[in-house]
Structures are given as C-alpha cells and as structure tokens.
Amino acid sequence: MEISLKYLPGGRAVASGNVMAQSDLDLKEAVLKEDLKFYFMNPCEKYRARHQIPWKLALQILKILMVTTQLIFFGLSNQLVVSFKEENTVAFKHLFLKGYSGVDEDDYSCSIYTQQDAYDSIFYVINQYRQLKNISLGTLGYEHEESGLKICKQQYKKGTMLTSNDTLNLDVSTETECIFLKPQELASKNAELKLNSSFFSLEFYRLIQVEISFKLKGIALQTIHARELPDCYAFQNTITFNNRAHSGKIKIYFDSDTDIQECKDWHIFSSVLQKNTQYILVFDGFVILSCFASLILCTRSIVLALRLQKRFVNFFLEKYKRHVCHADRLEFINGWYVLVIISDVMTIIGSILKMEIKAKNLTSYDVCSILLGTSTLFVWVGVIRYLGYFQTYNVLILTMQASLPKVLRFCCCAGMIYLGYTFCGWIVLGPYHEKKYQQSGFPVTDLHEFLKDHGSVGYRKEQTSMPFICCCRRQQSDDNLILIN
C-alpha cells in the first residue's frame, strides 16, 4: 500500500493510510452494530425500523390453524380405526372364550379350574370358529379357503407323578405337537375323527400350555358414515391356555394383532365420498405448501444468522485480537427456528402419508399419528417465542429458562428416592397384597366392603318414597360413623 506522509509543524508526520483504515473499521463497526441490533429485534420493531413485513409471523399463525385443523380431521378418522380394533377384540373374546364375563381378570381374560372346563373351552373355540359366519354380527370371514385353526400343545416329556408319595419322575425337556383344522374339514363328517384323536387327550401334570391361533378378515363399514372410504383388516388371534404354574388354575390369554390392509377390489357408488376425499386432499396440499414456505423462510433466516455470526467473529478478531466465546456464538442460532424447521419437515412427511392413507394407498396410521401429533406439539410450543415479545410473558419465560436446570436436578434426586421406595415396597409388601377387584376394575377397599355389608341391612328397611329427606336423617348410633363422599 502506498502511504503518503503529511508533514506538520514540529516535525511530526501522520500516516493518512492508517487514518483511512481506522475510518473503514469504524464504519464497518457501525454497520455491524446496526445489523446486530436489527437482527435481535422482534417482528414489530423490525416493521417500525425498516417497514419489513413479518411474513414468518403471519405464516406461523396461518400454519397453526391449518395444522391443528388437519390433526383434528385425522384424529377423528384414526379414532374410528382404533374403536373398530377394540370393539372387534371385545367381540372376539365373547365369541371364542367360554364363560367370558366381559371384564378381564388381571392381565389375562379368564381362568378355568377343572379338566372338564379345559376340554369344554378348547372345543368351544373350535365349534365357534366352525360356525363363525352364522353367529358373528360383524363383517368377519376366514382369511382364505386354506386357512384354519392351528392348535399346538406344549408339554413335558413322558414321566410319572405320585403326589401321595411325594414322587416325581419327569423329563423337563419340552415337546410341541400341533394340529391344523380347516373350515371345510370342520364342516365335513370326518371332523369327529380328528376331534376324538389322541391329540386332545391331555395329561395335565405334563401340560404347559395349549395355543390356538387363527386369522380372520373384516371390513370397517362405519367409515362410510363419516364420508370416508372403508379399510380392510386382518386379525391374527391367539388364545393361550397357560398351565405353567400347575397350581390348579389355567389362565386363558387372548391376544389379537390387527393389521390394516389395502382393499384389493372395492366399488362404492357415492359421489359424496369422492368429493369429500378430494376436498381433504386439496386441504392437505395447502398444508404442505404453507409448511414448505415456512421451511424456506426459517432456513433462510438461519443462513443469514450464520453469515452475521461470521462477520461478527471476524470483526472481533480484527479489532480486538480475541476469539468470540462459544456462548456468544450460540446467540446467533435461534432455537425456535430450528424447532419450526423440524416441525415443518415432520408435518410435510405426515401430510404426505395422510394423503396416501386417504387415497387408500397406505395404511400407516400409527406413523402418521406420531408425525402429525409431534409436529403440532412443536408448532404450539413455538408460539411461546412470540409471547416472549410481551414484557409480562417475557419475565415468566426467562424465569422458567433460568430455573429449568435446577428443576431437572431436583427431579433426578426425587426420582432416586421414589425408585428406591417403589422397589422396596414392591419386594416387601407386594407379594402379600390381596388383589381384589370390582367388576368395574377398581380395587375393593375396606370402606366398600363395609358399605356393601351394612347398606342392605338397616338402610333399606327405613327407605321411604323421599330418599333425600331420609339421607338427611341421623340417629344417635350414627355419631361414631364417618361418611366419606
């Protein structure tokens, strides 16, 4: 660089090049400060400063409304799917479990206690499966002509047991034997031969479990009333007679795995269903466009923030000969933008899956629910950023942000105490807890037993046609009673 010297009185010379460099540095600092000040403004302040329209704010508000509406529509549709699965599971239990009361016993459906009940329950399943089309109220059918019942019994190998002499001679290695019964075979005259075979002669002291599995298909027609196309379902049902404990009680478990499949060939003559499907697909398309625009704007903001960060780091190094700390670098990365970007990506993917599900090309309801639900959560959490622009809410948000690490540490300490107490109570008191339940599934307490025993003795004798007045009456013998509502 060519440096011109200017001589002043007194013999001093000033480098005009250094003056120009200092002025450039000051100008760069002023511009950088202006850009930093503008970057950390809220949308309203940016509009007042440079009349920049807050497109991201308007788009986020629009996106909240659209994403929430989309989630509600999908939730109502998914609710029909879940209810159809649950209702079919309950129907299967009533169809194939003999003596099922309608309420599961603990983690199993029901139990049996005699050998005759065991035989009756097994043959009851076979007989109900044979006449399924004649007794079922739903749209159920066999998977195909070659499908059927698969019955497997697992037992210990041959041995002898004399309980009176405390003698047991048993090979603990197990063996599994299976038989397959088709619907055509059960309807023929040769069915009695198979059912009377030695396979169904059970030696209960060796028996571990009997497992009956079969597959059924059904069609959910209730979606038509909601102006949606129906789905086809495949139910893989398994009934397990568990005798592992050999305690005189066989627990019966019923497990149903539901798989939603594409209907291969269906023709529904209704213009309303087709128009409703098209409207929802168009709405999902608008959701994808809005999320894509939000994704572009937020990504652009992060890129501009990284450029501004680089300018600040270079200027700091040039003027002060120091490196910017890591915490100051992170101030340029707006975590809310990152959250919005993640939400937009999940919404776009979930909306595409929803459109495919609506068109009956896919059946990934669970994956779509996770994506849309999580993205909607992130969208609503992102609203907190805009609440922070108000002073009243900003104080609350800063307080929460400052206290979060301490709250997490407290939760860790409290969690350790809770886990220790849980394990101690489980091992010490758990085995001796009587698991008595009402028909509704809630535990029976001593208060329930007391009211049940004494409620039918004296109260009904004094009951009149005015129950409210009778409830207000009080006898002298009732002074020591505590009524709990």
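The model is predicted, with local features needing pLDDT of at least 70, side-chain atom pairs counting only at pLDDT 80 or more, and totals for chains, interfaces and linings using all residues. Residues are numbered from 1 along each chain as its sequence is written, and side-chain values use heavy atoms, with hydrogens and water left out.

Leaving aside residues up to four places away in sequence, F241 touches I112, S121, I122, I208, Q209, V210, I212, I250, K251 and I252, where contact means heavy atoms within 4.5 Å.

Next come the helices (DSSP runs of H or I, at least four residues; strands are runs of E, at least two; both numbered from the N terminus). Helix α11 (residues 335-358) packs against helix α12 (residues 365-381) at an angle of about 150°, and their axes lie 8 Å apart. That makes α11 roughly antiparallel to α12 (angles over 145 degrees). Axes are lines fitted to C-alpha atoms, for helices over the stretch in contact, and angles run from 0 to 180 degrees between N-to-C directions. The crossing of this pair is left-handed, that is, the near helix is turned anticlockwise from the far one by less than a right angle. The residues of this contact divide into 16 nonpolar, six polar and one charged, with Ala, Val, Leu, Ile, Met, Phe, Trp, Tyr, Cys and Pro counted as nonpolar, Asp, Glu, Lys and Arg as charged, and the others, Gly among them, as polar.

Within α11, S343 is buried, with a relative accessible area of 1% (buried means under 20%, exposed over 50%, partly exposed in between; 1.4 Å probe, protein chains only). S343 touches S375, F378 and V379, again not counting residues up to four places away in sequence.

A second pair is formed by α3 (residues 55-96) and α4 (residues 115-130), packed at about 115° with axes 9 Å apart. Here H94, L95 and F96 in α3 meet Y124, V125, Q128 and Y129 in α4.

D106, in the loop between α3 and β3 (110-112), has a positive phi of about 60° although it is not a glycine, and D106 is exposed at 53% relative accessible area. H246, in the loop between β8 (231-242) and β9 (250-261), has a positive phi near 50° and is partly exposed at 33%.

Methods:
Angles under 35 degrees count as roughly parallel, over 145 as roughly antiparallel, 65 to 115 as roughly perpendicular and the rest as oblique.
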